[in-house]
Amino acid sequence: MVESHVQAAVLCAKSANVQLRIRSGGHDYEGLSYISPKPFILLDMSNLRTITVDVKNELAVVQAGAILGELYYRIWEKSKVHGFSAAVCPTVGVGGHISGGGYGTMLRKYGLSVDNVIDAQIVDVKGNLLNRKTMGEDLFWAIRGGGGASFGVIVSFTIKIVPVPETVTFFRVDKTLEENATDLVLQWQQVAPTTDDRLFMRLLLSPSGKTATASVVALFLGGANELLPILDKQFPLLGLKKENCTEGRWIDSVIWFDDEEAFEKGAKPEVLLERNPNWALFLKRKSDYVQNAIPREGLELLWKTIIEMGKTGLAFNPYGGKMSQILPDATPFPHRKGNLFKIQYSVTWSDPSPAAAQNFLNQTRVLYSVMTPYVSKNPRSAFLNYRDIDIGTNSFGKNSFEEGEVYGAKYFNANFQRLVKVKTAVDPENFFAYEQSIPVSPTKA
């Protein structure tokens, strides 16, 4: 596949008045990149996957159909002391991940993927292949966190690769409720968003029979001997010991974060090149942002709920560091200073029956409701890449703008209006539309 094929697909779909759905990696939590209630063309970008790494200038050009594992591997091939600030899952497609404001374990040091994008190529509604200079700064701003599929087809990104030390440290510590998990979470909320910006400590809360477990899963951009005194002082309830830590290369941490068991069995970096197209389960994800620490009574209610549910868990991803230094309107991704952490609600199942789906969907919705007093308000914010159609969809009728504003304000806060302005300028007839795309201005609808 070459760029001209993408241009032809856009022009063909437009002339035939058929929807275009764009898939890079396929990690779309609601499947909106590859299903539609209307006739559509699926533009599969997976063969548009060339990656060029320039270590001297600390740059890489990566096409939208490449997966993150391929990107990490190609960087590692050229340099053992560089990486990229993006997701822990290696089979995520670059196009959707970056354009939606994707993040990873280095966000507190280097920000989001979009904070490290310096150029892009996009095919617009007229079939033009544009770069940063020819698309203009407004559209370039919009596709760095506003999602690409509302504006055109992302072909490639030019990114800044970032320095990483020769040795990094990663660890997991698990505590049950009987081992004072509640106190651990209370302390984590104080430490994780404020500690050394080289340290990312994801917190996983999960049911475990009649109890629940809090797991701290972490990456530190440095050695264990430097990390241990930091956590001894700031996070004593974690009780981290040297034997809990694994030291290795940054590429090793990528493998470990994706699959600890495979890492323990000696998986090599080449495992990151596997696209695993035939692996699939059912899932539901939701998101929230937390701006004030959840108090003890909130955590106790949370434990009670997830134990009763039995399957749904949460991931707390800490902010602070670089995330607090970037203005909320620098990119469409607005969730910066003032946010302690982001929550991902997560349930995965294998039973294909409608009854099972309804049960697990209800679990996430009940848990989401229980958390209402403890999360952001006006709007209750959400993360675009944790796609969630519960928070609103668009029928693109006469109330299209109002419907779009419901989910748009949650994903983009005050940046939604600027995204609408860009959308109206570059795609006034709203060709690039899907259930949660950016609507055009109501005066142009």
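Student: Which orientation do α13 and α14 take to each other in this predicted model?
Tutor: The model is predicted, with local features needing pLDDT of at least 70 and side-chain atom pairs pLDDT 80 or more, while totals for chains, interfaces and linings use all residues. Residues are numbered from 1 along each chain as its sequence is written, and side-chain values use heavy atoms, leaving out hydrogens and water. The axes of α13 (400-412) and α14 (residues 416-426) come within 9 Å and cross at roughly 125° (axes are fitted to C-alpha atoms, for helices over the stretch in contact, and angles run from 0 to 180 degrees between N-to-C directions; helices are DSSP runs of H or I, at least four residues, and strands of E, at least two, numbered from the N terminus). Angles under 35 degrees count as roughly parallel, over 145 as roughly antiparallel, 65 to 115 as roughly perpendicular and the rest as oblique, and α13 and α14 are therefore oblique.

Student: How many charged residues does the contact of α13 with α14 contain?
Tutor: F401, G404, E405, G408, A409 and F412 of α13 meet F416, Q417, L419 and V420 of α14 (contact means heavy atoms within 4.5 Å). Ala, Val, Leu, Ile, Met, Phe, Trp, Tyr, Cys and Pro count as nonpolar, Asp, Glu, Lys and Arg as charged, and the others, Gly among them, as polar. The contact of α13 with α14 has 6 nonpolar and 3 polar residues, and its number of charged residues is 1.

Student: Which orientation do α11 and α12 take to each other?
Tutor: α11 (residues 296-309) packs against α12 (residues 354-370) with the axes 10 Å apart, at an angle of about 170°. L301, L302, T305, I306 and M309 of α11 make this contact with Q363, V366, L367 and V370 of α12, and the classes are 7 nonpolar, 2 polar and no charged. From the angle, α11 and α12 are therefore roughly antiparallel.

Student: At what angle does α7 pack against α11?
Tutor: A181, T182, D183, V185, L186 and Q189 in α7 meet R296, L299 and W303 in α11, giving 5 nonpolar, 2 polar and 2 charged residues. The axes of α7 (residues 181-191) and α11 lie 10 Å apart, and the angle is about 125°.

Student: Which helix gives the most to the lining of the largest cavity?
Tutor: The model has 1 cavity of 30 Å³ or more, and the largest has a volume of about 80 Å³ (on a 1 Å grid over the protein atoms alone, a cavity is a set of points where a 1.4 Å probe fits but cannot get out, and a pocket is an open set with protein on both sides within 12 Å along at least five of seven lines; lining residues have an atom within 4 Å of a point). The lining divides into 9 nonpolar, 3 polar and no charged residues, and includes Y72, F84, W250 and F257. With 4 residues, the leading contributor is helix α9.

Student: What is the volume of the second largest pocket?
Tutor: The lining of the second largest pocket divides into 7 nonpolar, 5 polar and 5 charged residues. A volume is the space filled by probe spheres set on grid points joined across faces, edges and corners. For the second largest pocket, that volume is about 450 Å³. Among its 17 lining residues, Q19, K38, N430, F431 and A433 are the closest to the centre of this pocket, whose volume is about 450 Å³.

Student: Which peptide bond is cis?
Tutor: P379 is found in the loop between α12 and α13. Omega is near 0° for the cis bond from N378 to P379.
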